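My notes are below, in the order in which I looked things up.

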Amino acid sequence: MTTLIDPALTAVNGPREGAFGNATHLVCRACGAEGPLGPFYACMECFGPLEVGYAFPEITREQIEAGPRSIWRYAPLLPVPADIATFRSTDPGFTRLVDAGNLAADLGLKRLWVKDDSGNPTHSFKDRVVAVALSAARELGLKVLACPSTGNLANAVAAAAARAGIRSVVLVPENLEKQKILASAVYDTTLIAIEGTYDDVNKLASEIAGEEEGWAFVNVNVRPYYAEGSKTLAYEIAEQLGWRLPDQIVIPVASGSQLTKIDKGIGELIKLGLVEDKPVKIFGAQATGCSPIAQAYRAGQDVVAPVKPNTIAKSLAIGNPADGPYVLDVVRRTGGLIADVDDTVVVENIQRLARTEGIFAETAGGVTIGVTAKLIADGVLDPEAETVVINSGDGLKTLDAVADKVGPKTTIAPSYEAFAEFWKGRRP
Ligand SMILES: Cc1ncc(COP(=O)(O)O)c(C=O)c1O
């Protein structure tokens, strides 16, 4: 085993026996070097990003089904202790998989499901990743839960820290949606608005992580553990489909971590024999105003050139995505691709999902449905194939996106006559 870091360092923080469940080591995604579990996120050999490796025992569907109705039913597949469900967390996950027949008919697809992660405790998929990062932070003896965020992660960190009774600090770009700022501040976190884009905020977070001891920046220095939380989306989709995989999945992309970990989760399910082996095409969705990975894909490149974001989809506004090259790998390997749509299409598709399925998505959901519609029109998505799209956040967080488009049809006097006049000719 090549050593990533001095193994003696792990003893400083002294994780307890079984702190990371069946996880056994960290592995570099760039060069494959392996090292011990600890608060490490960059490879000592090549500075590549690290991810968690496991020695999974035999795990059955029945064992999983007997677990709690949260991501903790998949605890044996995560870097968390076996007794994780007894700790105070927001217990995210097990969100509904909506059989979306109306949207399918509207889009011209045969079978479609929406994995609706707006049902999480702070109304986005970020509760999943934060719950796993919080466990790692606790086991590593870190004291402050922190993050740079485009909004949703800030909400999730603030709530998870409040529930666990620990301090939190969240750093956000100053131009975030008001609803997202409020939804972090209410948990009494230390909320700091930073002049600049998410990428500026992220850089500052890395500097603080390097200077201050005892801080767990969930998506910086405990990122390998944090990222594993997104695998639970793959597990839930498979379990909710009756332990089988769909043919194609469309996923919103900012840093790309969610997409790459859904792919990792699918691989694990197959390897463990929990689902039948079959190909699953993975598609990424970005907003045109911040689409560095889609641009690299179209140009046939392996590197992702950073961009300056300019889109209403602020939760996806990461101009320099950490997982960019890995997203390119996944979509190319699985036979998918990554595409983008502009802000007008984003808003139209927020409305389309709401109109057809009664699901109010935030802007990221509008991006995902918009890209799905585009890929069908372009003949890329197979209309006969079973499709899952991810709705990763709640429309109440980005109300301004639709504020000019929807509202009361008319204002009338409070009399039956006035109503009858309005209703004339409108009866179903
Ligand atoms: C609602 C929502 N969807 C998707 C994403 C993209 O996640 P990732 O950075 O893992 O690609 C984010 C990121 O903040 C988000 O807030």
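**Entry 1: the whole protein**

I noted at the start that this is a predicted model. I counted secondary structure and got 16 helices and 13 strands. Next I looked up the radius of gyration, which is 22 Å, close to the 22 Å that the globule rule gives for 428 residues, so the protein is as compact as a globular protein of that length. I also took the box that the C-alpha atoms fill along the principal axes, and it is roughly 80 × 45 × 45 Å.

I then asked how many of the residues count as buried. The share is 56% of the 428 residues. The protein exposes about 17,800 Å², and carbon and sulfur atoms supply 52% of that area.

For contacts, I took pairs of residues at least 6 apart in sequence, and 72% of these contacts join residues at least 24 apart. For charges, I found 41 positive and 52 negative ones, with mean positions 4 Å apart.

I picked strand 1, which covers residues 23–28. Of its 6 residues, 5 are buried, so I wrote it down as mostly covered under the cut-off of 20% relative accessible area.

Which strands does strand 1 pair with? One partner is strand 3 (residues 50–54), joined to strand 1 by 5 bridges and running antiparallel to it. I checked two positions along this pairing. A23 stands opposite Y54 in strand 3, and H25 has G53 of strand 3 as its bridge partner.

Another partner is strand 2 (residues 34–35), also antiparallel, with 2 bridges to strand 1. Here L26 has G35 as its bridge partner. Strand 1 and strand 2 form a hairpin with 5 residues between the strands. Within the hairpin, G32 takes a positive phi near 80°.

Put together, the 3 strands make an open sheet in the order 2-1-3, with antiparallel pairing. Strand 2 and strand 3 are the edge strands, as each pairs on one side only.

**Entry 2: helix 9**

Is helix 9 (residues 231–240) enclosed or open to the outside? I found 9 of its 10 residues buried, so the helix is largely enclosed by the rest of the structure. The buried residues include K231 and E236, which carry charges in my count, as well as L233 and I237. Just after the helix, G242 takes a positive phi of about 85°.

H123 is one of them, with a phi of about 70°. I located H123 in the loop between strand 5 (111–116) and helix 4 (126–139). The relative accessible area of H123 is 37%, so I listed this residue as partly exposed.

D188 is another, with a positive phi of about 65° although it is not a glycine. This residue lies in the loop between helix 6 (178–185) and strand 8 (190–194). Is D188 buried or exposed? Its relative accessibility is 71%, so D188 counts as exposed, the cut-off being over 50%.

Notes. Residues numbered from 1 in each chain as written. Predicted model: local features only at pLDDT ≥ 70, side-chain atom pairs only at ≥ 80, totals over all residues. Heavy atoms only, no water. Helix = DSSP H or I, 4+ residues; strand = E, 2+ residues; numbered from the N terminus. Rg over C-alpha atoms; globule rule 2.2 N^0.38 Å. Buried < 20%, exposed > 50% of the residue type's maximum accessible area, 1.4 Å probe, protein only. Contact = heavy atoms within 4.5 Å. Areas by Shrake-Rupley, 256 points an atom, 1.4 Å probe, with all protein chains shown as cover. Charge placed at Lys NZ, Arg CZ, Asp CG, Glu CD. Pairing = 2+ DSSP bridges.
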